[in-house]
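Visitor: I have some time to walk through a model with you. Could you show it to me and take my questions?

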Amino acid sequence: VSRVLALTAWVLLAASLVGLEVRSLASHRRIPGLLETLRGLTGGIVTRSALFVGWMWLGWHIFAR
Amino acid sequence: VRPGCPGSIGSTPSATPSRARLGSAALGAGVLAVLLGFTTPFTTGADILTAVAFAAMAAVALRTALRQRTGGRGDVAGNGRARIGRAWLVWAGLFAALEVATYIGGWSGGRHAYPTLSSLLDTATGHVGTKALVALVWLALGWGLFGP
């Protein structure tokens, strides 16, 4: 039961991601999308570098280790 | 900066990559994604190809940062403020909560009963095709975050 609940939660989260991105597209990007929000949150060199390290970690985690 | 975005600044024509550059970048990403799809974690091949992706994206990020420095700041509205969607902050909070909940739940209930995003990705990357697709999404995410 817990697996079904967890998987349902992940699916709902993925669906909401798609829904929010579609809403942004439908507004002709007047409502910011995920990437724009992330780029907006990481305007400085330190935060942008941290985001880059996070992106690297994701790839390392999935493909190398 | 998204060209055509109302109120945005910094979208100078020189900051927009040419079609040929975009095409070669997409082709390179496609080839790298397919190669990554064939790799196995904890091998030298996986290490090298992942490092190649790091180096390529670092070059893209550096080039973008240098261009933005000379051509104006991106990702900000006309009033100079960054555009941040509050709904995404809520989404990120829910994502973090679910990841933590499933991670902690897995201590006693087992990872199968409480799958984290990592364990779901492990399952997805068990096949060459899906692994190549995940690699392509990862590279596209990097381009979207650090590209022009």
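Guide: Happy to; what follows is a set of questions and answers on this predicted model.

Visitor: Let's begin with the fold. What pattern does chain B follow, read along the sequence?

Guide: Chain B has 5 helices and 0 strands. Reading along the sequence therefore means going from helix to helix, as helices and strands are numbered from the N terminus. The pattern of chain B is α-α-α-α-α.

Visitor: What percentage of contacts in chain B, between residues at least 6 apart in sequence, join residues at least 24 apart?

Guide: Chain B has 148 residues, and 30% of them count as buried. For the contacts, pairs at least 6 apart in sequence are taken, and the share that joins residues at least 24 apart is 59%.

Visitor: Now the two chains together. How much area do chain B and chain A bury between them?

Guide: The size of an interface is often given as the accessible area lost when the parts come together. Here 55 residues of chain B are in contact with 39 residues of chain A. In chain B, the residues that lose the most area to chain A are Arg83(B), Trp88(B) and Leu145(B), together 19% of what that side buries. Carbon and sulfur atoms hold 70% of the area buried between the chains, which is about 4400 Å².

Visitor: Which residues form the salt bridge between the chains?

Guide: Across the interface of chain B and chain A, the rule finds 1 salt bridge. The cut-off is 4 Å between a side-chain nitrogen of Lys or Arg and a carboxyl oxygen of Asp or Glu. At 3.1 Å from N to O, the pair that meets in a salt bridge is Arg65(A) and Asp47(B).

Visitor: Which helix gives the largest share of the side of chain B that touches chain A?

Guide: Between chain B and chain A there are 14 residue pairs in polar contact, both at pLDDT 80 or more. Helix H2 (44–71), helix H3 (86–109), helix H4 (117–124) and helix H5 (128–146) of chain B each supply at least two residues of the side that touches chain A. The residues of that side divide into 36 nonpolar, 12 polar and 7 charged. With 11 residues, the largest share comes from H5(B).

Visitor: Which residues does Leu136(B) touch, not counting residues up to four places away in sequence?

Guide: Leu136(B) is found in helix H5 of chain B, and at 37% relative accessibility Leu136(B) counts as partly exposed. The C-alpha atoms of Leu136(B) and Leu49(B), 87 residues apart along the chain, are separated by 13 Å. The residues that Leu136(B) touches are Ala29(B), Gly30(B) and Ala33(B).

Visitor: One last stop, the backbone. What is the phi of His28(A)?

Guide: Most residues other than glycine have a negative phi. His28(A) is in the loop between helix H1 (2–26) and helix H2 (34–41) of chain A, and at 59% relative accessibility His28(A) counts as exposed. Its phi is positive, in a residue other than glycine, and near 55°.

Visitor: What about the phi of Arg29(A)?

Guide: Arg29(A) lies in the loop between H1 and H2 of chain A. Its relative accessible area is 23%, so Arg29(A) is partly exposed. Although Arg29(A) is not a glycine, its phi is positive, at about 65°.

Definitions and conventions: Residues are numbered from 1 along each chain as its sequence is written. Chains are lettered from A and ligands numbered from 1 in the order in which they are written. Side-chain values use heavy atoms; hydrogens and water are left out. Contact means heavy atoms within 4.5 Å. Buried area is the accessible area (1.4 Å probe) that two parts lose on being put together, summed over both. A polar contact is a pair of N or O atoms within 3.5 Å; within protein, one must be able to donate a hydrogen and the other to accept it, and residues adjacent in sequence count only if both atoms are side-chain atoms. Helices (H or I, at least four residues) and strands (E, at least two) are DSSP runs, numbered from the N terminus. Ala, Val, Leu, Ile, Met, Phe, Trp, Tyr, Cys and Pro count as nonpolar, Asp, Glu, Lys and Arg as charged, and the others, Gly among them, as polar. Buried means under 20% relative accessible area, exposed over 50%, partly exposed in between (1.4 Å probe, protein chains only).
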